[in-house]
Amino acid sequence: MVRARFAPSPTGYLHIGSARTFIFNWLYVRKRQGTMVLRIDDTDVDRNTEASLQSIYDGLNWLALKWDELYRQSERLELHRQLAFRLLENGLAYRDFTPAIADPEEKAHGDGPWLCHPEMRALSKEESDRRAAAGEPFVIRYRVCREPAYEVNFTDEVYGPQTKLTADIEDFALLRSNGMPTYHLASCADDIDLKISHVIRGQDHLSNTFKHILIFQGAQAPLPRFAHLPLLIAPDGSKLSKRKHGPVVSVTTYRDYGFLPIAYINFLCLLGWSPKDNREHMTLYELMNAFSLEGVHRSNAVVNFSETDPIDPKALWLNSQHLRTMPVNALAPLVKKTLEEHGLAPYGDEAFFEHVVDTIRTRFSTLLDFASKGRAYFSDDYPIEPQALEKLNAPGARELLHELADRIASRAEFTEASVEADLRKLAEERGVKAGVLINASRAALTGQPVGPSAFAVFVCIGRERVIERLRKV
RNA sequence: GGCGCUAUCGUCUAACGGUUAGGACGGAGCCCUCUCAAGGCUCAAAUAGGGGUUCGAUUCCCCUUAGCGCUACCA
């Protein structure tokens with residue numbers, strides 16, 4: 001039974017790299033009919049916020065990929081502490097009474113690797129118990145094996161065989177002096193308790209995995225399979241950060257930009273993974289069937305945004321592909337919602353709305369386009385663009401449009417064919433090129449110089465409004 | 001500094017020792033056409049550098065370089 005988890009910490013918005021990790025976990029699990037666990041890793045009480053948690057839910061809900069079980073680490077602290085003290089009892093961990101170093105830089109850039117405080121490691125059980133009983137604050141550290149050539153091994157599903165000497169692993173903290181578990185402890189304790197079978201996460205945890213294996217071993221728990229994912233990075237090669245790169249790192253940005261969830265999922269999947277058969281535009285079902293850890297890359301992938309454009313052009317392209325190929329009845333509700341957010345509403349019934357959406361979607365690339373470029377299809381209040389005005393100002397154009405309105409009004413039939421017949425006949429009678437009248441019609445009906453075939457536009461605008469708009473110019 | 005990971009067109013990627021190094025986005029051009037898209041076709045564009053191994057290296061090994069990650073009582 002496959003059980004995978006996505007474990008975000010609520011210290012910010014939902015990062016696009018995190019979203020991709022969630023998606024990969026989800027695809028992996030769903031293909032195998034396994035269980036998707038969402039675990040909120042909120043053991044850092046100082047940095048967690050409810051707003052952040054909410055934005056993570058917002059992002060995940062937008063993607064519309066469901067999880068099966070939900071946990072919050074803050075509700076499972078007893079479990080984490082139990083493991084820490086069990087390791088302490090077993091002698092696999094020890095109390096360290098050394099005060100915390102305030103400045104992390106100091107330790108990181110100190111000379112030589114920091115491994116442990118030998119005095120603390122050597123403290124007798126009695127002495128350790130006595131000082132703890134006396135109320136002296138301590139942190140519990142893992143007692144990493146100091147045998148000369150002892151190594152930890154595992155095979156990563158993506159990166160292959162991994163080895164590290166314990167001599168290069170420091171005595172990392174398990175339990176903080178405030179009684180809260182560290183990430184390593186809480187994560188492993190929960191992975192064990194929740195019977196996680198596959199740990200699929202960012203490559204930034206690849207080297208942490210050695211520590212995690214030590215914890216699993218200390219707890220005498222079976223190891224899950226590990227798979228690490230290459231990171232998503234900025235065009236300059238640096239890691240994506242809110243501070244440096246702004247909104248491009250948050251999934252809600254893409255939602256607000258008018259992306260379809262499936263298109264964005266598709267885009268994210270193509271960063272660091274490939275189906276290896278040249279397919280790019282894929283449905284969720286196709287992604288699910290095609291996804292495998294073997295297809296995951298080992299090198300980081302650049303999200304190709306720029307100062308002037310926050311959107312990767314490929315993401316936009318994929319969105320336009322999905323926009324024009326997905327079933328109209330699946331797209332229509334999303335368009336309707338977008339219209340409502342802009343104070344617009346469809347004319348006519350559902351079938352008519354779907355016809356309009358189907359007609360105009362081929363030249364749109366985001367949902368927002370329906371409310372902007374497509375405004376005239378959903379409102380009588382639309383701007384006339386300068387280039388459209390030029391078409392209307394063509395000699396005799398207005399008079400012809402008025403006359404066309406009369407002819408359309410005088411006959412009951414209103415189809416692309418009937419309108420085309422009326423228009424071409426009128427053009428011929430007046431000795432003007434049909435194209436002039438066609439372009440003027442589009443300009444009058446939509447306020448735009450560009451758009452779908454003009455005759456299709458007539459039908460999409462609707463008979464009454466067509467007559468009204470043609471007479472108004 | 002220590003340890004680890006990575007390296008194919010601008011970007012995402014394919015090629016599990018033998019290909020004119022393929023596809024996609026983006027760019028340029030052509031076709032189609034009532035406009036604009038879409039679509040079709042064409043072009044430009046890459047194996048980081050140096051050593052090996054091999055009849056033959058994008059592919060395997062080593063070194064260099066570069067980037068990234070970990071090195072916190074953050075996750």
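Buried means under 20% relative accessible area, exposed means over 50%, and partly exposed lies in between. The model I am reading is predicted.

**Entry 1: Val-473**

I looked up Val-473 and found it in the segment after α22. Is Val-473 buried, partly exposed or exposed? Its relative accessibility is 22%, so Val-473 counts as partly exposed.

Next I checked its contacts, leaving out residues up to four places away in sequence. Val-473 touches Leu-392, Arg-398, Leu-401, His-402 and Ala-444. I also checked Ala-443. In sequence, Val-473 and Ala-443 are 30 residues apart. In space, their C-alpha atoms are 9.7 Å apart.

**Entry 2: α18 and α22**

Two packed helices are described by the angle between their axes and the distance between the axes. I looked up both values for α18 (residues 397-409) and α22 (residues 463-472). The angle is about 155 degrees. The axes are 8 Å apart. An angle over 145 degrees counts as roughly antiparallel. Therefore α18 and α22 are roughly antiparallel to each other. I noted the handedness too: the crossing of α18 and α22 is left-handed.

Which residues meet? From α18 I listed Leu-401, His-402, Leu-404, Ala-405, Asp-406, Ile-408 and Ala-409. From α22 I listed Arg-463, Val-466, Ile-467, Leu-470 and Arg-471. By class, this contact of α18 with α22 has eight nonpolar, one polar and three charged residues. Leu-401 and His-402 are also among the residues that Val-473 touches.

**Entry 3: α1**

I tested the length of α1 (residues 16-31). At 1.5 Å a residue, its 16 residues should span 22 Å. The end C-alpha atoms of α1 are 22 Å apart, which agrees.

Then I looked at burial. How many of the 16 residues of α1 are buried? The count is 14, so α1 is largely enclosed by the rest of the structure.

**Entry 4: two positive phi angles**

Just after α1 I came to Gln-33. Gln-33 sits in the loop between α1 and β2 (35-40). Its phi is near 55 degrees, a positive value in a residue other than glycine. Gln-33 has a relative accessible area of 68%, so it is exposed.

I then turned to Asn-278, in the loop between α11 (261-269) and α12 (284-290). Phi of Asn-278 is near 70 degrees, again positive in a residue other than glycine. Is Asn-278 buried or exposed? At 77% relative accessibility, Asn-278 counts as exposed.

How values were computed:
Residues are numbered from 1 along each chain as its sequence is written. Chains are lettered from A and ligands numbered from 1 in the order in which they are written. This is a predicted model: local features need pLDDT of at least 70, side-chain atom pairs count only at pLDDT 80 or more; totals for chains, interfaces and linings use all residues. Side-chain values use heavy atoms; hydrogens and water are left out. Axes are lines fitted to C-alpha atoms, for helices over the stretch in contact, and angles run from 0 to 180 degrees between N-to-C directions. Helices (H or I, at least four residues) and strands (E, at least two) are DSSP runs, numbered from the N terminus. Angles under 35 degrees count as roughly parallel, over 145 as roughly antiparallel, 65 to 115 as roughly perpendicular and the rest as oblique. A crossing is left-handed if the near helix is turned anticlockwise from the far one by less than a right angle, and right-handed if clockwise. Contact means heavy atoms within 4.5 Å. Ala, Val, Leu, Ile, Met, Phe, Trp, Tyr, Cys and Pro count as nonpolar, Asp, Glu, Lys and Arg as charged, and the others, Gly among them, as polar. The expected span of a helix is 1.5 Å times one less than its number of residues. Buried means under 20% relative accessible area, exposed over 50%, partly exposed in between (1.4 Å probe, protein chains only).
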